[in-house]
Amino acid sequence: MPATEKPQTTPAGAASPTAASSLPPGASRVISLLVVAAFVVILNETVMSVALPNLMTEFAIGASTAQWITTAFMLTMAVVIPITGYLLTRLPLRTVFIIAMSSFLLGTLLAAVAPTFFALVLGRVVQAIGTAIMMPLLMTTVLNVVPSNRRGRTMGVITIVIAVAPAIGPTLGGIILDALNWRWMFWIMLPIAAIALVLGATMIRNVTETRRLPLDVLSVVLAALGFAGLVFGLSSIGSAAEGSALISPWIPLTVGALSLAAFTWRQLGLRDHALLDVRAFGTSTFTIALLMMCIGMMGMFGTLITLPIYLQTVLGLDAMHTGLTLLPGGLLMGVMGLFVGRLFDRIGARPLVIPGTAIVATALWGMTTLTADSGQGTVIAWHMMLNAGLSFMFSPLMTAALGSLPRRLYSHGSAILSTLQQVAGAAGTAVFITVMTTFTLSGTAEGAEVVEATMTGIHNAMVWGAVIALVAFAGSFFVKSVPADEEPDAVAHSPAPAPESTPVH
């Protein structure tokens, strides 16, 4: 369709998002299914974190080896997500969904019956392939079928997937371990994933324009080396501080940075045939909102790994009670995501992000006051405050970032956002753990008790997190706020692709 011709329908066969205010028929059911499926697969990123001691005992392995159950998952995510932009452009959404859920289902089964630790890690890798595809798939579907004046509330629901699922993963894991063994973490997921696969294969139809694109193998290799190098390097910094890293983290970090530089240069040269179209960064709203999202993810994942250490090592709680302590904050974020999304549709991003970053900074500074004598209720209060602030950040920033892009860049923008969230999560974990480990080792070397030294390390990690939050607060004033009834110029002037398949129903 020529750019000057007024589009009559979207690829979903419904009224144009610019003119329509309601979802296409059946779209709500499809989005709900994708949200549930995404929640289940994302939950697996952190559900095994409390099972490491059990795995060390059963498979007779050390802590550095057991950590690969999480590290391998993150590395796989970092490698696969950049390719999802290509997959979502090349293949129909239903095909991509079937690939994602089939991979997750197979990986879950492999992990449940794993006779060795290597087999368990392999199952986690196959799981992660499906997880990596699911989030960009969900966001691309929403951007294509949800009108701009309803995206905020829909993205608010997606916030539950992105933020709440990782937050309640340790809680669920602790509850399962308290009653059953770690294999039930996978057996419980298996029928849910199977039902989602059957329903998705029946309900989902293509709502995007598919194009035949050549796959640039060099871009795949550079992306894998770049993002995997960054995630592995950042994840190794804490181990290096303890003296247990396999290699110096600077080696994978350097390889990752150089590979990403080469990857970016190649994508700019490939332009419309790019594996991951980095021209999305040419949209200032997307770039600023994405940077703010990354800072928020650093704070969330940093506290998500530091607070359990504080609760178990300093306050002496077990795994289940540690998970239950963090549960109210995760639930609050889920509930607030629904209301914040509706507010975004009315007032835009900036009026929400500014107070949100202020609340996050206040909560992190509040956590610096925690001591070995602090009550469990105090931890719950600060954690809930932190998650309330993050709720005001994640949904508005994600909606503003992706909504500012041209339609042709939706899938690439979703892939970029999902990839950098993984890198930011690894960076936040690296900062918090490195600072905590450095000060803990320094304290024990000076003769302090383990609990006292650990408390000092956690305090300093929270100080660093609070300083990073102040950077986010300063940056929040630069976030643009697009009115709900105004379609971004990039989208408004982008020609609507012609439909290639049957509508969502």
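Rings of Phe, Tyr and Trp (taking the six-membered ring of Trp) count as a pair when their centres lie within 6.5 Å; planes under 30 degrees apart are called stacked, those over 60 edge-to-face, and the rest tilted. Welcome to a predicted model, in which local features need a pLDDT of at least 70, side-chain atom pairs count only at pLDDT 80 or more, and totals for chains, interfaces and linings use all residues. Residues are numbered from 1 along each chain as its sequence is written, and side-chain values use heavy atoms, with hydrogens and water left out.

**View 1. An aromatic cluster.** Phe59, Phe117, Trp182 and Phe186 come together as one aromatic cluster. The structure holds 6 aromatic pairs. One of them joins Trp182 and Phe186 edge-to-face, with 6.3 Å centre to centre and 85 degrees between the planes. Trp182 counts as buried because its relative accessibility is 2% (buried is under 20% relative accessible area, exposed over 50%, partly exposed in between, with a 1.4 Å probe and protein chains only). Phe186, at 0%, is buried too.

**View 2. The pair Phe473 and Phe477.** Phe473 is partly exposed, with 29% relative accessibility, and Phe477 is partly exposed at 43%.

**View 3. A nonpolar patch on the surface.** Leu109, Val113, Leu180, Trp184, Trp187, Ile188 and Ile192 make up this patch, with about 590 Å² of accessible area together. Patch members have over 30% relative accessible area and no salt bridge; nonpolar side chains (Val, Leu, Ile, Met, Phe, Trp, Tyr) are joined within 5 Å, and like charges within 9 Å. A salt bridge is a side-chain nitrogen of Lys or Arg within 4 Å of a carboxyl oxygen of Asp or Glu. Areas come from the Shrake-Rupley method with a 1.4 Å probe, and for residues only the protein chains shown count as cover. Look for Val113 in the loop between helix 5 (93-112) and helix 6 (117-145); Val113 is partly exposed, at 47% relative accessibility.

View 4. Ser219 sits in helix 10 (residues 217-242); helices are DSSP runs of H or I with at least four residues, strands are E runs of at least two, and both are numbered from the N terminus. With a relative accessible area of 0%, Ser219 is buried. Leaving aside neighbours within four places in sequence, Ser219 is in contact (heavy atoms within 4.5 Å) with Phe263, Arg266, Gln267, Leu270 and Leu275.
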